Amino acid sequence: QAQLVESGGGLVQPGGSLRLSCAASRSIVNINIMSWYRQAPGKERELAATISSGGSTNYADSVKGRFTISRDNAKNTVYLQMNSMKPEDTAVYYCYVLAIPIGSIPRAYWGQGTQVTVSS
C-alpha cells in the first residue's frame, strides 16, 4: 500500500533543533516533488519547504535560513532539519509527495502528520 511514514516530531525548547523524516513506500515511484507543510492551531496549512527531483529547494520566508530540506532518492525519503526553532514553529508538520509515473497521471500523497511543539 502506498503511504508516507513520518517521524522525528516532539517537544523542543526555543533555539533548539529537530529533524523530521518522511519515508515513502517503495510502491511510490517516479517521485518529483517532496515537501513539508505545516498547520498551526487555528491557521491554514502552509508550505514550509519543498525540494524537486533535481535538488532545487524553496522555503517559506518564515523558515528561510533556519530550516533545511533534503532528500535521499535511494531511500525514497525526505528530511527537514529545523534549527533555531521558535514558538511560532509549533504546528503539525505534514509530508507531501508528488509522483509522476511514466504514462500515467500525477499522484499526490500526504503523510499522517507529526506534532512539533516549541516551548520552554
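Tutor: Let's start with a rule: two strands count as paired if DSSP finds at least two bridges between them. This is a predicted model, and in it β1 is joined to β3, residues 18-24, by four bridges, with the two strands running antiparallel.

Student: Which residue in β3 is the bridge partner of E6?

Tutor: That's C22.

Student: And in what order do the strands of the open sheet come?

Tutor: Read across, the four strands go β1-β3-β8-β7, with antiparallel pairing. β1 (4-7) and β7 (67-72) are the edge strands, since each has a pairing on one side only. From one strand to the next, the twist averages 15°.

Student: Let's move to the rings. How do I describe a pair of aromatic rings?

Tutor: You give the distance of the centres and the angle of the planes. Ring centres within 6.5 Å make a pair, and by that rule the count here is three aromatic pairs. Take Y37 and Y96: their ring centres are 5.8 Å apart and their planes sit at 70°, so this pair is edge-to-face; the cut-off for that label is over 60 degrees.

Student: Which strands hold Y37 and Y96?

Tutor: Y37 belongs to β4 (residues 31-39) and Y96 to β9 (residues 91-99), so the pair ties together parts 59 residues apart in sequence. Y96 has a relative accessible area of 15%, so it is buried; the cut-off is under 20%. Together with W110, Y37 and Y96 make up one aromatic cluster.

Student: Which charged residue lies over the face of W110?

Tutor: R45 does, at 4.8 Å from the ring centre. There's also R19, which lies over the face of Y79 at 4.1 Å from the ring centre.

Student: Where are N76 and S84 found?

Tutor: Both are in loops: N76 is in the one between β7 and β8 (77-82), while S84 is in the one between β8 and β9.

Student: Is N76 buried or exposed? And how about S84?

Tutor: N76 is buried, at 12% relative accessibility. S84 has a relative accessible area of 41%, so it counts as partly exposed.

Terms used:
Residues are numbered from 1 along each chain as its sequence is written. This is a predicted model: local features need pLDDT of at least 70, side-chain atom pairs count only at pLDDT 80 or more; totals for chains, interfaces and linings use all residues. Side-chain values use heavy atoms; hydrogens and water are left out. Axes are lines fitted to C-alpha atoms, for helices over the stretch in contact, and angles run from 0 to 180 degrees between N-to-C directions. Rings of Phe, Tyr and Trp (its six-membered ring) pair if their centres lie within 6.5 Å; planes under 30 degrees apart count as stacked, over 60 as edge-to-face and the rest as tilted. Buried means under 20% relative accessible area, exposed over 50%, partly exposed in between (1.4 Å probe, protein chains only). A charge sits over a ring if NZ of Lys or CZ of Arg is within 6 Å of the ring centre and within 35 degrees of the ring normal.
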